Amino acid sequence: MDQDSGMRAACLAAFQSEISARRADAFFVRIAKERTITEKRQIIAASRAEFDLARQANPGLSDTEIENLLIKERIAHMAPRGKWQDKWLIHPFPNMSEPERAACYLTDFGDYDADHLARLYNKASLHAIDCFFMQVRRRLSILERPIASSSSAGRTWYGYSAYNPAMIVKMLGIFRVFYNFCLSGQDGKTPAMRLGLAKGKVALEDIIYFSSN
């Protein structure tokens, strides 16, 4: 089984009930991280030029409506590829962290209207998971990136690393609760608040207890 097939199978199996109930949608997302700063700027400049042309052609539409319009146009021209007949949409509005962002909708039942489908494609991004990984590396010392010394022949080692995988599972479980219910963003809301799972920010001491025994 290739990597894409494995990821697809794992995702659809793990969230089968949510997907069947239409409470969850799954996408593959890819970006061109190897692009240079100059190339990224050129890509973004081209997307802005396309947006400006669409704005001139549709003066009565808001910026959000123009975004949806351009995404719907690209959806209409997607072609199936590969053994899974996947359809990839090249996002019309890349940014410096996600140049040439492309998304493939894995759970398309054909039951969404064009506007809703465009909004879903617009949300498909790696930004949230990249942010989570960054917080993990910054806040959990055992998961910081290892370093290689000049005498280690390419081998890496980090003194704070946990060599018992069970400890990493426990630490990530605690951090996941902290990240979703205790850590607020620039809007003052936690991820749980944005999803309607919590009415306010939760104090860590209210949801976790460490015994001194």
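Surface patches are taken here as groups of residues with over 30% relative accessible area and no salt bridge, with like charges joined within 9 Å and nonpolar side chains (Val, Leu, Ile, Met, Phe, Trp, Tyr) within 5 Å. The structure is a predicted model, in which local features need pLDDT of at least 70 and side-chain atom pairs count only at pLDDT 80 or more, while totals for chains, interfaces and linings use all residues. Residues are numbered from 1 along each chain as its sequence is written, and side-chain values use heavy atoms, leaving out hydrogens and water.

V177, L204 and I207 make a nonpolar surface patch of about 200 Å² (areas by the Shrake-Rupley method with a 1.4 Å probe; for residues, only the protein chains shown count as cover). L204 belongs to helix 9, residues 204-207 (helices, H or I, of at least four residues and strands, E, of at least two are DSSP runs numbered from the N terminus). With a relative accessible area of 34%, L204 is partly exposed (buried is under 20%, exposed over 50%, partly exposed in between, with a 1.4 Å probe and protein chains only).

Turning to charged pairs, a salt bridge requires a side-chain nitrogen of Lys or Arg within 4 Å of a carboxyl oxygen of Asp or Glu; the count is 10. One of them joins D86 and R8 at 2.7 Å, N to O. D86 sits in strand 3 (residues 86-90) and R8 in helix 1 (residues 3-14), so this pair ties together parts 78 residues apart in sequence. Both partners, D86 and R8, are buried.

D63 and R55 also form a salt bridge, their closest N and O atoms being 3.1 Å apart. D63 is partly exposed at 39% relative accessibility, and R55 is partly exposed at 37%. Elsewhere, salt bridges with shared partners link R22, D25 and D111 into one network.
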